[in-house]
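Hello,

Here is the structure you will be taking over. My notes follow below it.

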Amino acid sequence: MKLVDRRAECSMLDRLVDAVCAGQSRALVLCGEPGVGKTALLQHLIGRTAECLLVQTSGVESEMELAFAGLHQLCAPLLAGLDDLPKRQGDALRIALGMSLGPAPDRFLVGLATLGLLAHAAEQKPLVCVVDDEQWLDHASAQVLGFVARRLAAESVGLVFAARVPTSDLAGLSQLPVAGLGAADARALLDAEVTVPLDGWVRDQLVLETGGNPLALLEWPRALTTQQWSGGFGLPGAVRLPGGVEEGFRRRLDVLPEKTRQLLLIAAADPLGDAGLVWRAGARLGIDADAAGPAVEDGLVEFGTRVLFRHPMVRSVVYTTASVRERQQVHGALAQVTDARLDPDRHAWHGAHAAAGPDEAVAAELQGSAGRAQARGGLAAAAAFMERATMLTLDPEKRAERALGAASAQVQAGGFEAARDLLSIAKAQAPSDFQQARIELIQAQLAFATTRGGDAPRLLLKAAQRLQSIDAGLARSTYLQAVTAGIFSDRVTRGDVGQLARAAAEAPPPAGIPTAADLLLDGIAAHYAQGYAAGAPILRAALDQFSDGMSPEIELRGHVLASMLAAQHLWDYHRWQLLSDRHVELARSLGALSELPMALSFKVLCLAYAGDLRDAAAVSQELQAVVKATGSGLPPYAALVVAGMRGRPGEVGDLIDAARSDLSQRGEGFGMTVATWTSAMANNGVGDCQAALHSATNSAQFSMLTPNSSSADSPSGGAQSSSLLARLSVGAFRAVEFIEAAARCGHTDLATDAVAELAEVTSASGTDWACGVEARCRALVNEGRVVEDLFRESIERLGPTRLRPDLARAHLLYGEWLRRERRRTQARAELRCAYDMFEEMGMEGFAQRAHRELDATGGTARKRTVVAEPQLLTAQEGQIARMARDGHSNPEIGARLFISTRTVEYHLQKVFTKLNVQSRRQLDRVLPD
């Protein structure tokens, strides 16, 4: 039937196909209520793709738990191109689609492989991908296809979705709302379908009540008898129509022969539409080929190589109107004809739905399916299998165990409400001590996942204490999780982390030789029990052992703690740099894109502290691409650090304002640590000591640097729970900013107290970095000849290190002191050195401050010739150009920025044109180092 109205929608779809044929990419989401005409518009689109390669998939409600099912259907015609993908991408996609075995692939690596597969196919012929009923697509497929749609640029690929309400996986894509027909067009459609005289009032009422929904308008005439249409229907009592479009389908199903309805139920229960499977299951139930005739004649279904329902709602109505016993019968038949060896998961799924009550054999089979699903990265599917297995399990101990397995998978998959329900089931089974401990552990992990803090540290502590007598290794691991959760939580200000660490000291010792994780835990516990000097050697031993004999997966999980809690804590820049580089390398090599944002954030911090701000900014841009692609909720740590180092208080303030609400809601105290530190640094850079002091003391997160910070019950050795965050990670850096701001504002007493506390850490560390910074800070709170000795010691200590910003700041502060001492000639030498270093590193705020001080001595700064980066390039073009200049291949650039190789080529051609160069080899002449 020709489309009624829809001229604007059809025109937009026509333009989409024309753009794809012209070498461009497009993504579009058709959205609207059931029956409004989305599928009809997709058919119009399909009719316009004669010059294109067409691939299609459709969401199936009963297959939503089977990871990558929709993606497999879409990619099946294109799999010949798998061998042309980068090996890691091809392997990930093969595992996801069940074509090979291996460790669970990263979801976003699968997305990158899918993008490459589509781009490869489009090189031969423009490609149009059609996805109907996206709301019923399995989450893994929806996530991957949404990722791909957002990365399309110049691949000659069109990706068109239709959905009732698009899921969050399609966020950010262009939408085309499809509404009901206008009144005139709706009446015309209804008149064309009705074959008997129709009361005008009834017709108008139908148009109003259906909202112009085309499917409803077509189905109502078939749902009502001729008598209802031709007489009495306009009366108020007669116009009380059935409760929706589904009722029309129910009426049509009711008049079909029993065997026909049973055959349709088999087809509805099989989401693959495998006609052979449907016929074999039908034969099991004594259904012959003639049973399909009435349904085909009525237009409800088509039987060919695949079974196609006229509309997804038909499938839904067929299934939901059947009795429980009827559904169990057809699932049993489908289980019998599904090869348990070739398709064990679907065999188990049908068997589970066929079970009338508890069935241990089926539950065990489902448990095996859960393991396979999780290995393929299908956490939602694993959770569904385990949840169903739980429902079929009668034995209390096994029921509790399976409920816990399902709950754990649900937490990882983001099914938090389902996880809570499953935990309730586990609790009701009189769980064993070990199971009770696991319940508490999963509850704690759930709390941390949902609130990024809150009660998670306390709950993890409780779980760890219960596990001590049951599983010592798991207990120690849980203690370490508790400490980590405490560091990120705002509860750190009340000493919770110190309590956690002291409780961890009571944990049973590790069995055998302590691992790096064991030493990390022991080092943190010793820090709180005996002080920094006691904990530092143990943490050094943890770093010495780190990565030795570890599997890559375990090593990856430990990098945040090793880098954030150990290397920075020890002021060991060399080890910090090695760990940072390895963290990024490992995340990339394993395709662990969920871990990559944090790895890149620490890489930015490490680069910034070496003064490599240009590289830090480039990594920060790459990080933004990763965060956007993964949907990570990571606060803008990297952007804050770069802006703070550059001395841009306004930019830092804007970033803090944008992130404040989210950080507060999650209780992520660590984020506010970074925020106040970078704000203080930026204000110190421009010489605003009052604003810097305010930033450094404005958060209750940092009681260390306020008077009377010591608690009455501080353990011996000077380790105070209130000081934890300042002593671990960036808190010590913030202490340095506080000392400078307080000293320059005349609050020498506060600065002196803070120096004394900082010195407990830096002197025990003993590294040139720590001792150089300590000497610089001591110089700020002293008087007389000792000040000059301390500044010179600081410069001598920091000179051989890579910590150029700290060295430049030592020259600046020394020069400022010399100027106040009226030693202008010497002051000019120090200030000019500081200015040159700041200018070279791009630390604008500090450079301006040094310039002002230099002017005050009567000196002048040497003019520097800086090659400006071409302003003609967009941000993405500049990023791609720099990566190409640095020797990265197009596939490597695409993998880092989550775009296809063809899109990289497209942007590079634009770069070459704008910069008037012929090849990537010439980029180093026109782009700054």
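Helix 5 (residues 107-124) has 18 residues, which at 1.5 Å a residue should span 26 Å; its end C-alpha atoms lie 27 Å apart, which agrees. The expected span is 1.5 Å times one less than the number of residues. Helices here are DSSP runs of H or I with at least four residues, strands are runs of E with at least two, and both are numbered from the N terminus. Buried means under 20% relative accessible area, exposed over 50%, and partly exposed in between (1.4 Å probe, protein chains only).

This is a predicted model: local features need pLDDT of at least 70 and side-chain atom pairs pLDDT 80 or more, while totals for chains, interfaces and linings use all residues. Residues are numbered from 1 along each chain as its sequence is written, and side-chain values use heavy atoms, without hydrogens and water.

Helix 34 (residues 669-686) should span 26 Å, and its end C-alpha atoms are 26 Å apart. Gly687 follows, with a positive phi near 85 degrees.

There are 38 salt bridges, each a side-chain nitrogen of Lys or Arg within 4 Å of a carboxyl oxygen of Asp or Glu. One of them joins Arg776 and Asp806 (3.0 Å, N to O). This pair links helix 39 (residues 768-780) to helix 41 (residues 804-820), 30 residues apart, and both residues are buried.

Regards
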